[in-house]
Amino acid sequence: MKEAFTRLYATATLNERVTSYSESVSLELPQHIRDYHARIYKERDDSNYMISTFESQALIFLARTIGAKRILEIGVYVGYSAMAWRHAVGPQGKVTGLEYDKEYAEAAKKIWKENGYDNIEVHVGDASETLPKLADVNEPYDIIFIDADKTGYPGYLKQILERSQPGAKNRLLRPGGIIAADNTLRRGLVADSSSDNPWRPADFDDGWESKAVAAVREYNKAAADDPRLETLLIPLWDGLNLARLLD
């Protein structure tokens, strides 16, 4: 269509049917990965931290499109998305996760072990402290996926770029690599946090959400303004910001 703005489907039912149809004709997601997603959704009150199965398909497609074999994930939660990334890179690839919460990390390691994944690892602690250590590896990552505390997004971007300098022997992200940041629209609040947005919380101005939205706006602007990056903010799911490192 010629219009630039995103048209949403007229009803929630139609939205659900279109998404289900799109997912059904997209690449296959292994049943054990789908089953784990369903289990988290059913059993955990904090399952909103998990990406959807449809977004998982998109990320797998992205990884395979650029031939990714090494993935760094900032924010592991209980290990679902790392399983999707591992499916993308295969048994010869490598997935490294950074997770602040020890309980989440232990749950992730348990499910990975149950499924025989021996090429996923997780570092527990503050990601901002772990990132500099990972830059000392000889082989950089192909994709860095950010899905953690939103107030940390600008800092993560700064660290990634500082530790991926052109010509550097050791760097975090390779030239042409992708930084994929999730939740970069936050129910549309990043684009419009006025009263016109029905998702605006009543306590938005005084609550944590306003800080998260401000940080994500800062991230989106910093990525868009950086001459070393080409960016595409996709208004699907909760917003997916893709940035390609040119050098």
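Colleague: How many of the six residues of β7 are buried?

Modeller: This is a predicted model, in which local features need pLDDT of at least 70 and side-chain atom pairs count only at pLDDT 80 or more, while totals for chains, interfaces and linings use all residues. Residues are numbered from 1 along each chain as its sequence is written, and side-chain values use heavy atoms, with hydrogens and water left out. Buried means under 20% relative accessible area, with a 1.4 Å probe and protein chains only; five of the six residues of β7 are buried, so the strand is mostly covered. Strands are DSSP runs of E with at least two residues, helices are runs of H or I with at least four, and both are numbered from the N terminus.

Colleague: With which strands does β7 pair, and in which sense?

Modeller: Strands of a sheet pair through backbone hydrogen bonds, either parallel or antiparallel. Two strands count as paired here if DSSP finds at least two bridges between them. Strand β5 (residues 173–182) pairs with β7 (residues 240–245) in the antiparallel sense over five bridges, with A181 bridged to N241 and I178 standing opposite R244. β6 and β7 also pair in the antiparallel sense, over six bridges, and L229 has L245 as its bridge partner. These two strands form a hairpin with five residues between them, where W237 in the turn has a positive phi of about 55 degrees.

Colleague: What is the order of the strands in the open sheet, and which strands stand at its edges?

Modeller: Seven strands form the open sheet in the order β3-β2-β1-β4-β5-β7-β6, with mixed pairing. β3 (120–124) and β6 (229–234) stand at the edges, each with a single partner strand, so one side of each is left without a neighbour in the sheet.

Colleague: What is the volume of the largest cavity, and which residues line the largest cavity?

Modeller: Rolling a probe the size of a water molecule over the atoms shows where empty space is left. On a 1 Å grid over the protein atoms alone, a cavity is a set of points where a 1.4 Å probe fits but cannot get out, and lining residues have an atom within 4 Å of a point. Grid points are joined across faces, edges and corners, and a volume is the space filled by probe spheres set on the points. The search of the whole structure finds one cavity of 30 Å³ or more, and the largest cavity has a volume of about 60 Å³. Y49, M50, I51, G75, V76, Y77, Y80, S81 and D147 line the largest cavity.

Note on methods:
1 Å grid on protein atoms, 1.4 Å probe; cavity = no way out; pocket = protein on both sides within 12 Å on 5 of 7 lines; lining within 4 Å. Buried < 20%, exposed > 50% of the residue type's maximum accessible area, 1.4 Å probe, protein only.
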